[in-house]
Amino acid sequence: MTPHDAQTALNAIQHRQEQTFDEYMRHAYSRPYLIVSALGLFVVCSSFDLPNPWNTLAVLVGNALALGGLFVHQRRAAVRRKLAAPEALFYAVAGMALLAFFWTAAITAYFLGLPARHTLAAAATALAAVAASYALRPFAENVIRRKGQG
């Protein structure tokens, strides 16, 4: 094997790794799964405004929607990889930020005297989650690409 053949093989490997990463990111940020997750988030968060037997049902439906969507999303992935610690931390921080946003919006709606404050806050949070997923995608790509190094 000549040095040129070795370099060609390495270039082909790097090209395939880039294709794999691109496919992983394309699937991770696919629109249908994002919409299902946002809808599940909305249903769970808006359940606080419902009376007693219905709020439990709404929480169950919202969680089933979100978890079912996550299950289908993972099963249909063409590329699977292990979750690195920095990536898990990124997702946990994003989830906590959405939770803080929801409660801030609900408290603000309460002080403004708006009806169905949790439903309004849930809608704002679901829209913020969708917007944040697009806005934070380059940062998420950087975190995932590093694979916990650095």
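User: What is the hand of the crossing as α2 passes α3?

Analyst: Two notes on the ground rules: this is a predicted model in which local features need pLDDT of at least 70 and side-chain atom pairs count only at pLDDT 80 or more, while totals for chains, interfaces and linings use all residues. Residues are numbered from 1 along each chain as its sequence is written, and side-chain values use heavy atoms, leaving out hydrogens and water. Helices here are DSSP runs (H or I, at least four residues) numbered from the N terminus, and a crossing is left-handed if the near helix is turned anticlockwise from the far one by less than a right angle, right-handed if clockwise. On that basis, the crossing in which α2 passes α3 is left-handed.

User: At roughly what angle do the axes of α2 and α3 cross, and which label does that give the pair, roughly parallel or roughly antiparallel?

Analyst: Axes are lines fitted to C-alpha atoms, for helices over the stretch in contact, and angles run from 0 to 180 degrees between N-to-C directions. The axes of α2 and α3 come within 7 Å and cross at roughly 160°. Angles under 35 degrees count as roughly parallel, over 145 as roughly antiparallel, 65 to 115 as roughly perpendicular and the rest as oblique. So the label for α2 against α3 is roughly antiparallel.

User: How many charged residues are there in the contact of α2 with α3?

Analyst: Contact means heavy atoms within 4.5 Å. On the α2 side it is made by Y33, V36, L39, G40, V43 and V44, and on the α3 side by A58, V59, G62, N63, L65, G69, V72 and H73. By class (Ala, Val, Leu, Ile, Met, Phe, Trp, Tyr, Cys and Pro are nonpolar, Asp, Glu, Lys and Arg charged, the others, Gly among them, polar), these residues split into 9 nonpolar, 5 polar and, for charged, none.

User: On to α2 and α5: which hand does their crossing have?

Analyst: Helix α2 (residues 31–46) and α5 have axes that come within 8 Å and cross at roughly 155°. That makes this pair roughly antiparallel. Here, though, the crossing of α2 past α5 is right-handed.

User: How many nonpolar residues does the contact of α2 with α5 have?

Analyst: From α2 come R31, L34, A38, L41, F42, C45 and S46, and from α5 come H118, T119, A122, A123, T125, A126, A129, V130, S133 and Y134. Sorted by class, this contact has 1 charged residue, 5 polar and, for nonpolar, 11.

User: How do α4 and α6 run relative to each other, roughly parallel or roughly antiparallel?

Analyst: The axes of α4 (residues 85–111) and α6 (residues 137–146) come within 8 Å and cross at roughly 155°. In passing α6, α4 makes a left-handed crossing. The angle is why the two helices are described as roughly antiparallel.

User: Is E87 buried or exposed?

Analyst: E87 lies in helix α4. Apart from neighbours within four places in sequence, E87 is in contact with Y24, R81, K82, V143 and I144. With a relative accessible area of 1%, E87 is buried.

User: What is phi of A116 near?

Analyst: Most residues other than glycine have a negative phi. A116 is in the loop between α4 and α5 and is partly exposed, at 43% relative accessible area. Its phi is positive, near 50°.

How values were computed:
Buried means under 20% relative accessible area, exposed over 50%, partly exposed in between (1.4 Å probe, protein chains only).
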